[in-house]
Amino acid sequence: MFAVFRDLVRYNAEFTIGLVLVVIIVAFSAASFFSPVDPSLIYMTIPDQPPSAQYWFGTNSRGQDMFWHLAAAFKNSLIFGLTVAVLSRIISIAVGLTSGYLGGWVDRVLMFINDIFVSVPIFPILVLFYFVLRNNMDSFTLALIMAGFGWPFDARLIRSVAVGLKHREFTRHAVFAGMSTPKVLLEEHLPYVMPIVFATFMNNMLWSIGLEVTLAVLGFTNINQPTIGTVLYWANSHSAMVVGTWWWIVIPVILIVMTFLGLFLLAVSMNEYIDPRSRLRRMGA
Amino acid sequence: MTEDLLKVEGLKAYYQMNYFGVEREVRAVDDITMTIRKNEIYGIAGESSSGKTSFIKVLAAAIRPPMRIVAGSVKYDFKNGPIDVATATPAQIEAVRWRHLSYIMQGSMSVLNPVRRIGRTFEDFARRPLGLSGEAYRARVLNHLERLKLPADVLNAYPHELSGGMRQRVTIGLATVCHPEFVIADEPTTALDVVVQKEVLGLIREIQQDMGSSVVFVTHDMTVHANMADRVGIIYAGRLVEEGPTRQMFFAPKHPYTAHLVASLPRIGDTAQRPALEGRPPSLASPPSGCRFHPRCPLAIDKCKTDVPPLIQVANDHRSACWRWQDVEPLVVPQRHEVMA
Amino acid sequence: MHGYLWFIAKRALQMLAVIFCAISATFLVTHLSPIDPVEQVLGRLSSRANLSPEAIASTRAALSDLFGTGAPLHEQYVNFWLRLVRGDFGPSLMAFPTPAMDIVARAMPWTLGLLVSATLITFVIGNLLGALAGYNQNNRFFKLFGIIAMGIQPIPYYVVAFILLIIFGFLWPVLPISGGFAMDVTPGYNWPFISSVLQHAILPTLSVVIVGFGGWFIGMRALVSNVVNDDYVTYAELAGVDKSTIVGGYVIRNAMVPQLTALALALGGVFSGTVITEQVFNYPGLGSLLIDAVNYGDYSLVLAVSTVSITAVAVAIFTVDLLHPLLDPRVKAE
Amino acid sequence: MSTLLDVRNVSKRFTMGGLLSRKTVDAVQDASLSLSAETPEIFTIIGESGSGKTTLARMILGLELPTDGEISFRGKTVSHRVGRQERLEFMANVQPVFQNPFEAFNPLKRIDRYLESTAKRFLKLRHRDDLDAAMDSALQKVGLSIAEVRGRFPHEMSGGQLQRAAIARALIPNPPLLVADEPVSMVDASLRMSIVNLLKSLRDDLRVSVIYITHDLATAYYISNRLIIMQRGRIVEMGDARTVLDNPEHPYSRLLKASVLSTEDAGSGKLITDPGMAERATALIRQPGRLVARPDGRSVRVYERA
């Protein structure tokens with residue numbers, strides 16, 4: 001595992017850039033654990049200060065030090081993304097492996113449900129949830145709902161691998177060696193889908209954080225909790241660009257782009273590492 | 001004496017790979033010299049990963065990275081002039097493709113475009129090299145299909161609508177419709193059932209005799225070679241270890257590996273115990289020193305471990321690369337047996 | 001042809017099932033939540049002074065009818081469907097007493113236009129360039145293009161729309177950044193109106209195109225670089241088949257099959273993106289409508305927009321699926 | 001004399017397509033055979049692709065249920081829809097041998113893991129020493145030892161070693177019956193005979209019966225005691241291997257034999273099969289006919305002329 005990591009860093013520029021970006025963002029958000037101020041409080045400092053030695057990222061119109069505020073926002077958003085990714089990975093692994101291995105009507109039913117989830121436009125649904133739940137919708141509830149919608153693409157991907165594995169002889173061999181179905185799935189098949197799980201993990205984080213940003217910007221989440229989205233929401237509602245507090249918008253946007261680019265590059269380079277055909281291409285180049 | 005159509009000299013083709021910093025060199029074809037004559041079927045036999053597929057890729061001028069020709073020449077003497085595919089430019093190769101040099105690729109399912117009708121594929125492949133237009137082209141194709149015992153309406157079919165045998169005949173048709181001088185066939189019958197296999201083999205032979213062209217036929221199945229080839233060459237670990245007229249190869253092999261291949265074939269009407277060859281084919285990335293067969297060879301002596309045996313003439317038209325070729329005996333004496341139909 | 005009919009029947013059934021399940025889920029969400037939708041809406045309404053008691057009463061009646069509050073759950077469910085199939089979502093609160101459905105119908109063409117044009121542009125250009133990039137892997141121009149596409153692709157719709165807004169609203173104000181058409185033109189089939197509509201559509205479309213493009217480009221490039229290694233392409237190259245025939249008839253043709261499936265799967269996401277884009281550019285489509293309705297607490301309208309968009313996306317996916325057998329003859333044989 | 005395996009009038013019909021566009025394929029039709037418990041033998045099922053030989057094998061392993069008829073092993077019906085305990089009991093008696101030795105083990109897992117699981121499940125062994133002893137004794141039977149296998153991954157072993165290890169794994173519960181589905185069709189010539197010879201020695205030295213499924217008449221002749229020849233789901237000829245293959249009676253059996261490429265005329269280039277032969281054989285596909293016993297012990301499918 002370490003050797004793979006080392007090779008990726010050494011020979012895959014995309015992976016290295018992605019890793020550097022993600023490490024920067026993670027370190028930045030981890031800084032919020034040492035924050036001298038409670039980031040949810042307002043009017044703690046002089047408002048509307050441009051970036052300076054004292055306030056690295058400036059302060060906003062609500063009197064918050066943007067450095068610590070953004071650190072907390074990124075921490076919350078990353079935790080949110082991780083939660084969604086972990087939960088939806090569990091669902092997609094369970095559905096994908098079971099569906100692919102058992103086949104028959106179990107497969108048909110699961111894939112039918114899967115197709116429904118794929119073709120439902122999630123945004124109106126999330127808005128509907130917000131509309132009904134209003135202030136009862138905290139970020140964990142939102143994560144649960146999004147995990148409920150974030151699995152079907154990847155479950156299909158995992159299923160297609162599992163179908164292939166089912167017909168490989170070692171699966172039947174394992175069965176005739178007396179292994180039970182859960183054992184076959186978890187010990188024989190799971191290792192094969194782990195690369196997919198890792199790669200889709202990143203993509204899923206991107207997707208959920210992006211969606212959270214969107215909802216928050218529109219004011220459809222708990223706007224008092226600092227997240228990437230709520231930062232933009234408040235900047236918008238104070239017309240930051242118009243009144244000239246550009247750092248309130250520009251710095252978060254740069255950080256967002258770094259986060260998304262970093263996660264995306266990690267996902268892409270891992271995908272490439274997994275796909276044997278592109279591996280072959282690489283050798284030919 | 002018949003004329004030579006292809007002369008391969010000192011051919012070395014290696015796979016050179018660099019994957020995430022790990023460099024690997026696989027010597028798939030390691031110093032092969034041979035000739036192929038006009039109007040003959042030359043069978044190439046070898047186990048999987050012996051380098052036989054790489055070798056015929058070179059013959060077919062289908063060299064792609066990571067494979068590279070390291071040394072040697074592959075000279076054809078076509079009617080439109082000689083060409084060395086090891087050094088020829090893409091345009092020169094283009095000029096001989098299909099008209100003079102054609103190729104039947106392994107796996108009839110995957111070599112046909114799944115979303116294109118057979119007729120379109122025929123047009124793509126054959127229209128330009130044939131240089132015929134309209135009716136003349138159509139007549140030529142239909143005539144060719146008839147010879148392959150294929151109905152005319154396969155032209156309207158998609159590959160997935162045909163049976164395995166039909167598909168294989170279509171690929172043979174594609175490769176032979178231009179009456180090329182040289183056809184390379186890579187395991188064209190491996191996936192077929194025995195009955196269909198015999199049919200298709202018969203067809204290839206028939207067409208070869210009609211056209212008077214040369215065919216290089218590659219398969220690991222020795223019984224196919226016994227029935228198809230005029231001459232057989234055995235490749236082991238990237239090297240040609242023996243070649244000779246088919247009959248001599250089967251009844252008087254002069255290399256222990258060939259002797260073993262022939263002996264291990266069971267026959268109906270004969271229940272004598274058949275020997276098995278232990279060990280495994282060597283890795284082409286780090287082949288054994290000396291004779292590459294020595295770790296599995298029952299006749300191996302010390303010299304075999306250090307010195308590479310040259311391919312020398314051992315009988316009329318028969319060459320072997322073995323220090324002890326004079327001691328090689330057929331392992332199972334072939335019995336004459338009445339074949340009942 | 002028989003196979004094709006079965007294929008259509010199967011897909012149609014699937015579409016209906018999607019619509020049915022999604023809308024049923026909508027019903028369940030609103031009913032399983034601890035909050036009574038009717039009272040919740042009315043509670044918010046009473047805090048607004050500018051609504052007449054008449055409007056409130058009529059809304060209470062419509063909502064109670066729609067949700068059948070008080071009746072057993074299954075009866076409520078049946079009622080809900082009965083009204084839904086008639087397109088009756090009750091009156092909108094924002095524009096009382098206009099039926100919510102009418103407002104949705106008015107917003108629909110804007111979104112549809114944006115969605116269809118943006119998707120078509122993205123799909124065609126993205127796939128074309130992606131295919132060329134996949135086939136000419138060592139071309140510098142395409143390599144650079146790929147890097148740019150990769151960089152833009154993961155950025156959320158909102159951020160891209162926002163950046164465009166900043167550029168064209170503040171830094172270089174040459175394009176209209178708000179609304180569907182200018183105030184001073186008369187809607188109808190006249191040139192000033194059409195040109196105004198087109199101008200106003202540029203930025204919203206562009207933001208959807210920019211985000212979507214990268215996905216298709218990267219996807220197609222990867223597919224093509226795989227197809228290029230497939231035996232039938234290698235074989236055609238060995239046979240000296242025309243390069244243009246190979247690219248068009250062999251490579252792109254085969255790589256398009258999975259891309260079409262991907263298009264069907266992407267439509268839901270594109271719709272979500274459109275919603276956000278509309279909000280940013282204040283575009284008079286379903287997205288802006290949905291957000292306004294949520295902010296206003298207009299239950300009927302929210303429900304109407306959700307239902308219509310779920311149905312529309314399902315129908316769009318169905319339509320794309322119908323094209324599938326035309327591209328892949330193997331589907332019919334299934 | 002007691003029967004080990006009894007296949008009685010077994011048919012298998014597959015339904016393709018969805019609810020509306022139903023299409024049925026009769027993979028196996030009315031097949032019967034039985035193996036005796038006292039005399040171990042290699043019983044060969046010969047057929048081309050689509051003959052139903054693999055389906056029949058899958059039914060014997062209990063992976064597929066017959067649509068009609070019954071398969072019983074030592075008097076008990078074979079099925080996968082039974083309790084786990086009963087299924088394990090069956091698996092302890094009937095074990096498969098796989099087609100491709102390189103595929104038989106999960107490339108990401110160690111080989112001994114399969115052997116250990118087998119010993120734990122079927123022999124109910126718990127202690128390290130007992131497990132090792134069971135594994136080693138099975139490996140010895142195929143010419144390997146635990147030392148050669150322990151801790152190794154599939155890619156570290158040769159095809160021959162892998163196939164041996166797979167067979168050793170199957171032998172751990174001392175099953176009286178092995179089902180080998182095309183065990184040599186995917187391996188190189190040099191490996192083929194070593195596997196075929198091993199199957200032979202299992203029968204002769206360990207008294208294990210083997211159902212050997214193949215399309216290759218030559219190896220069938222070489223190792224089998226009895227055989228059946230299947231054409232499109234039907235058994236067309238059945239009997240002693242030598243009797244049948246030396247002088248096949250059914251037109252399809254004759255066609256198969258005539259299509260076998262022989263090395264006896266190597267170099268003479270004889271590749272023509274009498275075309276009437278193929279016609280006669282395929283003409284019979286749709287007719288049911290019935291199996292009739294011949295004085296030399298074989299049964300042949302005969303057809304009433306209309």
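**Two packed helices in chain A**

In chain A, the residues A:Val95, A:Thr98, A:Ser99 and A:Leu102 of α3(A) meet A:Gly104, A:Val106, A:Asp107, A:Leu110 and A:Met111 of α4(A), where contact means heavy atoms within 4.5 Å. The model is predicted: local features need pLDDT of at least 70, side-chain atom pairs count only at pLDDT 80 or more, and totals for chains, interfaces and linings use all residues. Residues are numbered from 1 along each chain as its sequence is written, chains are lettered from A and ligands numbered from 1 in the order in which they are written, and side-chain values use heavy atoms, with hydrogens and water left out.

- The residues of this contact between α3(A) and α4(A) divide into five nonpolar, three polar and one charged; Ala, Val, Leu, Ile, Met, Phe, Trp, Tyr, Cys and Pro count as nonpolar, Asp, Glu, Lys and Arg as charged, and the others, Gly among them, as polar.
- Two packed helices are described by the angle between their axes and the distance between the axes.
- Helix α3 of chain A spans residues 66-102 and helix α4 of chain A spans residues 104-119; they pack at an angle of about 145°, with their axes 7 Å apart.
- Axes are lines fitted to C-alpha atoms, for helices over the stretch in contact, and angles run from 0 to 180 degrees between N-to-C directions.

**Chain A as a whole**

- Chain A has 13 helices and zero strands; helices (H or I, at least four residues) and strands (E, at least two) are DSSP runs, numbered from the N terminus.
- Along the principal axes, the C-alpha atoms of chain A fill a box of roughly 70 × 50 × 30 Å.

**Chain C with chain A**

- In this interface, 51 residues of chain C are in contact with 41 residues of chain A.
- The area buried between chain C and chain A is about 4200 Å², and carbon and sulfur atoms give 77% of it; buried area is the accessible area (1.4 Å probe) that two parts lose on being put together, summed over both.
- On the side of chain C that touches chain A, the residues divide into 31 nonpolar, 17 polar and three charged.
- There are zero salt bridges between chain C and chain A, a salt bridge being a side-chain nitrogen of Lys or Arg within 4 Å of a carboxyl oxygen of Asp or Glu.

**Chain B with chain D**

- The contact takes 45 residues from chain B and 43 residues from chain D.
- Chain B and chain D bury about 4000 Å² between them, with 57% of it on carbon and sulfur atoms.
- Within chain B, the residues B:Lys198, B:Asn227 and B:Ile268 lose the most area to chain D, together 19% of what that side buries.
- The count of salt bridges between chain B and chain D is zero.
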